[in-house]
Amino acid sequence: MNKFNSGSRSLISALCLFFLISPCALAVEGIYTEGNTLKKTLDNGMTVVIHETRKAPIAVIYILVKTGSGTEGGFAGSGISHLLEHMLFKDGGKTISNKRKITSLGGDINGFTSRDYTGYTAIIGNEYAAEALIALRDTVTSPDFDVLELEKEKEVILDEIRKNKDDPAWLALDFSWESTFKEHPYKYPIIGHEDIFGRIGKKELEEYYNSRYSPQNMILVVSGDVQKEALIKEIEAVFGPLKMNFMPDIPRISEPPQLRQRLRTEYRLITLSHAVLSYKSGSINDPSIYPLDILAIALGEGEGSILTKELREEKKLVYHITCHNATLRDAGLFYIYFVADPSRAKEAVAAVLEELEKIKKSGISDADLEKSKKIARAEFLNALETAENRTRDISISEVLVNDYSFSQFYLEKLSKVTGADVKSAANAHLKNDYLNTTLILPEKNREAATAG
């Protein structure tokens, strides 16, 4: 599951493969308890969670707004959520910006946008938590949509969009979302399409802001060396006076069943081929996410993974290959990405599909199952060793399932996955008709394809 990163499954981080190290001894049920965590809903509807952890004398603050590129409604495909995130860090003519307030105290303030939510974060010494709360509140609730600043920021993002088009790995995954989702707005890139993005002006930005940025649509999480009972009083004083806005209902769109395979081939000025094989995966509430996460690890995480051994080490078909199961609120994306010589790209696709057929027929070995569970648990718990990652974990759990302790439930479910579960999930989600193949090939291959 990718609660730490909307683009790839990185909560179970690729940084740690040592599944016998000491943090694994941490009891799953002991991550978040009533003794160290407080949850409260303010009168204006804002959800607040405070988690005490004494690992370092810092406070990590997240404000997550329950809107992202997948909930833009009439602005779908514009990247307006991402643009708004950028604009909220613009302080207009203020002498001392909110960002400078935080950095002058030795802290850091930042933001990010995903398909389901937008986040604003601050990390600071715990003695300055109150000041950081005020600065972050002002960042999120006191926008300055200056027309000149808006045009400048749009140029920055347009440059980013254009640079992304030159990144074959980014393109391959972006096109995979677009191929896999034909109706659901998850098909759109978070940053937006250049032509639609260009039509956003001050009026549209204000309309979108007023329809999404209201306390009842926000989650505030603080984690670190703090006293939760004292801090909740500070939070009530800082955020309690915020008024609710009227929020229109945003219809949730269901992706219709896929009936046949889809293939997309693009050509760019590159030397190697980049490919993604993708399938629509389960939502955050779908029981299939647990065996699919295990399968993703077994297939493509680490030197000993199935696809690395078979396609890179044994058959020498690819230079790099990985597998992820990206989990979101409404649906997910199970995908395999590889880099290969253009002459061997199609052979590599066939080899991947051959391995998937083996798994659908016979499952994965007991050794791969147990190793994948240990990797998942170790990486998950190691990630949660820092206050920053705990804050992020709590925030996204609250956004997606309204339960800050979802990680404990997730780890418990993951530990109970059986080989039969993995085989069943593979057969349910990785059907041949559900396959979406994206190939990014060198421009010189276009002529060969045309001639053929």
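The sections below take the sheet, then the helices, then the pocket.

The model is predicted. It contains an open sheet of 6 strands, ordered 1-2-6-3-5-4, with mixed pairing. Strand 1 (37-41) and strand 4 (108-113) are at the edges; each has a single partner strand, so one side of each is left without a neighbour in the sheet. From one strand to the next, the twist averages 15 degrees.

Within the sheet, strand 3 (residues 58-65) pairs with strand 6 (residues 218-224) in the antiparallel sense, over 7 bridges. Gly-224 in strand 6 has Ala-59 standing opposite.

## Helices across the sheet

Helix 13 lies across strand 1, strand 2, strand 3, strand 4, strand 5 (118-125) and strand 6. Its direction is at about 25 degrees to strand 3.

Helix 8 (residues 228-239) lies across strand 1, strand 2 (47-52), strand 3 and strand 6. Relative to strand 2, helix 8 runs at about 150 degrees.

## The second largest pocket

The second largest pocket holds about 470 Å³ of space. Its lining consists of 27 residues, and those nearest the centre are Lys-66, Thr-71, Ile-250, Arg-252 and Arg-329. Helix 7 (202-212) and helix 13 (387-401) are the elements that give two or more residues to this lining. Helix 13 gives the most, with 3 residues.

By class, 11 residues of the lining are nonpolar, 8 are polar and 8 are charged.

How values were computed. Residues are numbered from 1 along each chain as its sequence is written. This is a predicted model: local features need pLDDT of at least 70, side-chain atom pairs count only at pLDDT 80 or more; totals for chains, interfaces and linings use all residues. Side-chain values use heavy atoms; hydrogens and water are left out. On a 1 Å grid over the protein atoms alone, a cavity is a set of points where a 1.4 Å probe fits but cannot get out, and a pocket is an open set with protein on both sides within 12 Å along at least five of seven lines; lining residues have an atom within 4 Å of a point. Grid points are joined across faces, edges and corners, and a volume is the space filled by probe spheres set on the points. Helices (H or I, at least four residues) and strands (E, at least two) are DSSP runs, numbered from the N terminus. Ala, Val, Leu, Ile, Met, Phe, Trp, Tyr, Cys and Pro count as nonpolar, Asp, Glu, Lys and Arg as charged, and the others, Gly among them, as polar. Two strands pair if DSSP finds at least two bridges between them. Axes are lines fitted to C-alpha atoms, for helices over the stretch in contact, and angles run from 0 to 180 degrees between N-to-C directions. Contact means heavy atoms within 4.5 Å.
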